Amino acid sequence: MTGGPVRCEEGELRSLFLFEKLGSDQLARLCRDGHVEWFDPGPVYREGDPAANLYVLFQGTVILSRTVGGQEVDFSRTSAPGVYAGAFQAYLGDQVPQVYNNSMRVTERSRFFVLPAEAFAQIMRGWFPMAVHLLEGLFFGFKNTQEAVGQRERLLALGSATAGLTHELNNPAAAAVRAAAALRERIAAVRREFGELAAGPHRGEDLARLGELTDMTVGRIGQAQPLSPLQAADHEDELGDWLEEHGIEDGRQLAPVLVQANLGTDWLNRIAAALPEDMLGSALNWLGCTVETELLLNEIDDATHRISALVGAAKQYTQLDRAPYQNADVHELLDSTLMMLAAKIGPNITVVRDYDPTLPRIPGYPAELNQVWTNLIDNAVWAMRSTGSGGTLTVRTAQDGDHVLVEFRDTGPGVPPEVRDRVFDPFFTTKPVGEGTGLGLDISWRIIVNRHGGDLRLASVPGDTRFQVRLPINPATPDTPLEQP
């Protein structure tokens with residue numbers, strides 16, 4: 001309930017900093033077009049409603065708030081005379097939506113000068129045409145700059161992820177190509193060795209027994225235990241001596257292959273006892289070619305599985321085949337992002353995953369969350385490399401009440417105290433010119449806070465910088481689409 005409109009006094013208007021430089025005729029125009037009004041404690045206007053009036057405080061206490069993730073968040077509280085809110089963009093006309101971009105309420109009976117939006121727009125364009133042009137240029141120039149730099153930020157992130165994926169795919173692809181070329185040679189050797197065995201005066205039961213030994217030998221390959229270089233060298237020497245003692249040509253070249261297949265002298269003795277002496281050399285060469293073929297097939301299998309895993313990580317990272325809003329496994333999102341950025345992280349930075357396995361799935365926009373992880377990991381990596389050395393990146397998850405906590409901790413130099421309050425501001429960056437746009441953390445903040453109703457915080461001391469993301473496990477309905485920066 002209000003006290004109703006009251007005619008304003010020109011002298012009282014002049015006492016407010018907003019109007020102190022206006023002439024008498026201008027003050028008279030304001031009083032003619034506007035009025036003074038009392039408001040009891042409660043809402044004055046609500047966010048999203050048509051912006052009908054500009055409000056200037058004479059006396060009282062006002063609180064401004066915005067809706068974030070379905071909750072109303074206060075961002076300003078003041079009792080200073082002359083502060084204003086409401087339809088202050090009315091002079092832009094239809095170029096922008098004319099709605100209140102926040103909510104205002106008063107905590108005590110308060111008095112305002114109320115000016116209708118249409119009258120305010122006419123006054124601004126009539127009295128201050130040059131200022132209106134400057135303000136329009138500032139408003140739309142800033143908006144266009146944000147959009148351009150935001151697109152550049154996303155392209156840089158995409159380019160970085162693509163470069164990392166290309167680098168990661170190149171290694172297994174090259175390994176598969178090399179293994180395929182070597183496999184072709186080994187298959188040709190298998191045919192030659194088989195031809196020699198088939199052409200020899202061997203009995204059918206000897207060839208059948210060799211076939212059984214071949215199957216058993218191949219079965220031992222999967223049971224091979226990793227050997228240190230010294231252990232492998234000792235085994236190769238032992239097998240080489242055995243092969244030489246039994247008159248096997250090129251025994252020293254065959255020994256490393258047999259070691260990879262987990263074959264020792266006991267197994268060779270078993271083969272020697274099962275086959276005629278004149279067949280032993282050809283049989284072992286046959287077995288050697290067969291073992292190499294299996295080892296190369298295993299290498300190709302490992303390489304193709306690696307490629308498949310990378311493609312799966314890319315699909316998980318981009319969420320190309322997923323619904324925009326869904327229940328997501330935070331650990332899957334984190335792992336796909338870390339895999340995509342593996343090349344950028346490099347060998348000098350140790351990645352520690354400290355995951356809570358009991359963490360529930362959370363509703364959200366996975367592709368946008370991956371963008372947040374990318375920005376925070378990229379910043380951590382840059383900070384640690386700025387010291388000229390590596391470090392440790394710890395990615396930790398935990399349940400924090402009714403929220404999921406995702407923490408990125410790096411051992412870099414830290415964020416100076418004087419700039420910590422500005423790291424989420426658009427266009428603010430501590431990176432050298434050309435290395436950062438200053439929008440990564442701003443975009444991350446809006447994705448977490450505006451889109452998911454969560455929280456993004458920074459805590460930093462030298463050697464221990466932590467960005468902490470908190471996401472609600474059971475949020476309200478999905479927020480509106482994220483505005484372009």
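Predicted model: local features only at pLDDT ≥ 70, side-chain atom pairs only at ≥ 80, totals over all residues.
**View 1. The whole protein chain.** Here the chain folds into 13 helices and 16 strands (DSSP runs numbered from the N terminus: H or I of at least four residues for helices, E of at least two for strands). Of its 485 residues, 43% are buried, meaning under 20% relative accessible area with a 1.4 Å probe, protein chains only, while exposed means over 50% and partly exposed lies in between.

**View 2. Helix 2 against helix 3.** Welcome to the meeting of helix 2 (residues 24-33) and helix 3 (residues 117-127), which pack at about 160° with axes 11 Å apart (axes are lines fitted to C-alpha atoms over the stretch in contact, and angles run from 0 to 180 degrees between N-to-C directions). The two helices are therefore roughly antiparallel, a label for angles over 145 degrees. Gln 26, Arg 29, Leu 30 and Asp 33 of helix 2 touch Ala 119, Gln 122, Ile 123 and Trp 127 of helix 3, where contact means heavy atoms within 4.5 Å.

**View 3. Pro 462 in its loop.** Look between strand 15 (455-461) and strand 16 (464-472) to find Pro 462. With 70% relative accessibility, Pro 462 counts as exposed. Beyond its neighbours within four places in sequence, Pro 462 contacts Gly 412, Pro 413 and Gly 414. Gly 414 is 48 residues away from Pro 462 in sequence, yet their C-alpha atoms are 4.4 Å apart.

**Notes.** Residues are numbered from 1 along each chain as its sequence is written, and side-chain values use heavy atoms, leaving out hydrogens and water. Local features need pLDDT of at least 70 and side-chain atom pairs count only at pLDDT 80 or more, whereas totals for chains, interfaces and linings use all residues.

Conventions
Parallel < 35°, antiparallel > 145°, perpendicular 65-115°, else oblique.
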